[in-house]
Amino acid sequence: MNGKVYGVSLGPGDPDLVTLKAMKVLARADRIYYPGTITKSGEVNSFALEILHTHGAPQEKLKSVLIAMSMPREEVDKVYDNTFESIMHDLENGLCVAVVCIGDAGFYSTFGHLHERMENASVDVEMIAGVPAFIAAGASAHVPLALRSDKVLVLPDLENVSELDKYLDLYETVVVMKLSMIGKGLYAYLEKNEKDFVYAEYLGTPREFVSRSLEDLRSRRIPYFSLIILFNENQSPVNLCPEK
Ligand code: SAH
């Protein structure tokens with residue numbers, strides 16, 4: 001296992017959604033890199049670190065990979081370059097390295113950026129699958145995301161809510177992540193179009209908030225850790241569980 005890098009999925013926030021396989025790799029890893037964000041006030045937030053702490057990961061194994069939302073692309077790349085160099089150094093020392101990610105490590109994750117670099121350097125890599133946030137959102141709302149021949153589209157982000165019309169024409173279920181980018185436009189769109197939806201933020205954490213009611217979104221500040229699942233009218237409402 002030494003000299004190898006594992007992309008380890010931690011699930012969206014609930015420590016119980018870390019797989020047994022991920023737990024086994026974490027227990028054997030010599031070094032664990034975890035992602036975090038630096039807020040405008042300089043505070044460091046990391047769901048991944050919270051999950052690692054819950055599972056008792058020793059502090060001396062941990063190394064952060066910190067990105068600020070305000071960082072330009074080149075600076076973010078620099079962070080990945082430095083992390084990659086640090087991982088290469090660990091490998092030269094024969095260490096077993098884990099890079100943990102929120103949700104699934106292969107789905108819009110920090111690990112994906114490092115993976116590109118590791119592939120170019122022919123590093124031995126293994127990925128441990130996990131629960132992506134949008135799957136956890138459906139479960140938290142008790143709503144099946146797809147049935148029979150329903151098609152599902154996942155959008156990493158959206159510049160303009162009006163684009164949703166064309167996507168909802170083609171897909172029964174449309175997931176939008178990194179929702180904070182749309183901000184207020186989301187409420188206006190939902191009010192006008194009366195779509196069935198599941199809105200979810202901070203899934204699996206004490207701050208979790210999941211709603212299918214438009215009223216709840218009227219004056220809500222949409223954080224980065226949020227997503228929405230929209231259903232078009234072809235997805236019969238009888239498929240959806242009634243609101244509580
Ligand atoms: N690898 C992750 C995706 C990371 S991209 C996965 O598999 O889900 C970051 C986006 O994921 C956030 O902007 C948000 O849309 C979503 N996300 C991740 N964790 C979340 C959580 N706990 N609650 C709500 N959304 C979450």
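**Exercise 1. Describe the largest pocket: its volume, its lining and its place relative to the domains.**

Step 1. The largest pocket holds about 1,600 Å³ of space. On a 1 Å grid over the protein atoms alone, a pocket is an open set of points where a 1.4 Å probe fits, with protein on both sides within 12 Å along at least five of seven lines, whereas in a cavity the probe cannot get out. Grid points are joined across faces, edges and corners, and the volume is the space filled by probe spheres set on the points.

Step 2. The lining comprises 49 residues, of which Thr37, Met69, Lys178, Tyr224 and Phe225 are the closest to the centre of the pocket. A lining residue has an atom within 4 Å of a point. The model is predicted: local features need pLDDT of at least 70, side-chain atom pairs count only at pLDDT 80 or more, and totals for chains, interfaces and linings use all residues. Residues are numbered from 1 along each chain as its sequence is written, and side-chain values use heavy atoms, with hydrogens and water left out.

Step 3. Two or more lining residues come from each of β2 (31-38), α2, β4 (62-68), α3 (73-92), α4 (110-120), β9 and β11 (226-231). Strand β2 gives the largest share, four residues. Helices (H or I, at least four residues) and strands (E, at least two) are DSSP runs, numbered from the N terminus.

Step 4. By class, the lining has 29 nonpolar, twelve polar and eight charged residues. Here Ala, Val, Leu, Ile, Met, Phe, Trp, Tyr, Cys and Pro count as nonpolar, Asp, Glu, Lys and Arg as charged, and the others, Gly among them, as polar.

Step 5. Domain 1 (5-128) and domain 2 (133-240) both give residues to this lining, so the pocket lies between them. The domain bounds come from an automatic or database domain assignment.

**Exercise 2. Characterise the pair of Phe47 and Tyr202, and identify the charges that sit over rings.**

Step 1. A search of the whole structure finds six aromatic pairs. Rings of Phe, Tyr and Trp (its six-membered ring) pair if their centres lie within 6.5 Å; planes under 30 degrees apart count as stacked, over 60 as edge-to-face and the rest as tilted.

Step 2. For Phe47 and Tyr202 the ring centres are 6.0 Å apart and the planes stand at 55°, so this pair is tilted. Phe47 belongs to helix α2 (residues 47-54) and Tyr202 to the loop between β9 (196-201) and β10 (209-211), so the pair ties together parts that are 155 residues apart in sequence.

Step 3. Both residues of the pair, Phe47 and Tyr202, are buried, that is, under 20% relative accessible area, with exposed meaning over 50% and partly exposed in between (1.4 Å probe, protein chains only). Phe47, Tyr202, Tyr224 and Phe225 form one aromatic cluster.

Step 4. The charged end of Arg207 sits over the ring of Tyr202, 4.0 Å from the ring centre. Likewise, the charged end of Arg220 sits over the ring of Phe209, at 3.6 Å from the centre. The criterion is NZ of Lys or CZ of Arg within 6 Å of the ring centre and within 35 degrees of the ring normal.

**Exercise 3. Examine the backbone and the accessibility of Lys178 and Tyr202.**

Step 1. Most residues other than glycine have a negative phi.

Step 2. Lys178 has a positive phi, near 45°. This lysine lies in the loop between β8 (173-176) and α7 (185-193) and is partly exposed, with a relative accessible area of 25%.

Step 3. Tyr202 is not a glycine either, yet its phi is positive, about 45°. At 14% relative accessibility, Tyr202 counts as buried.

**Exercise 4. Compare separation along the chain with separation in space.**

Step 1. Ala133, in helix α5 (residues 133-140), is 122 residues from Gly11 in sequence and 7.0 Å from Gly11 in space, C-alpha to C-alpha.

Step 2. Leu203 and His89 are 114 residues apart in sequence, and their C-alpha atoms are 35 Å apart in space.
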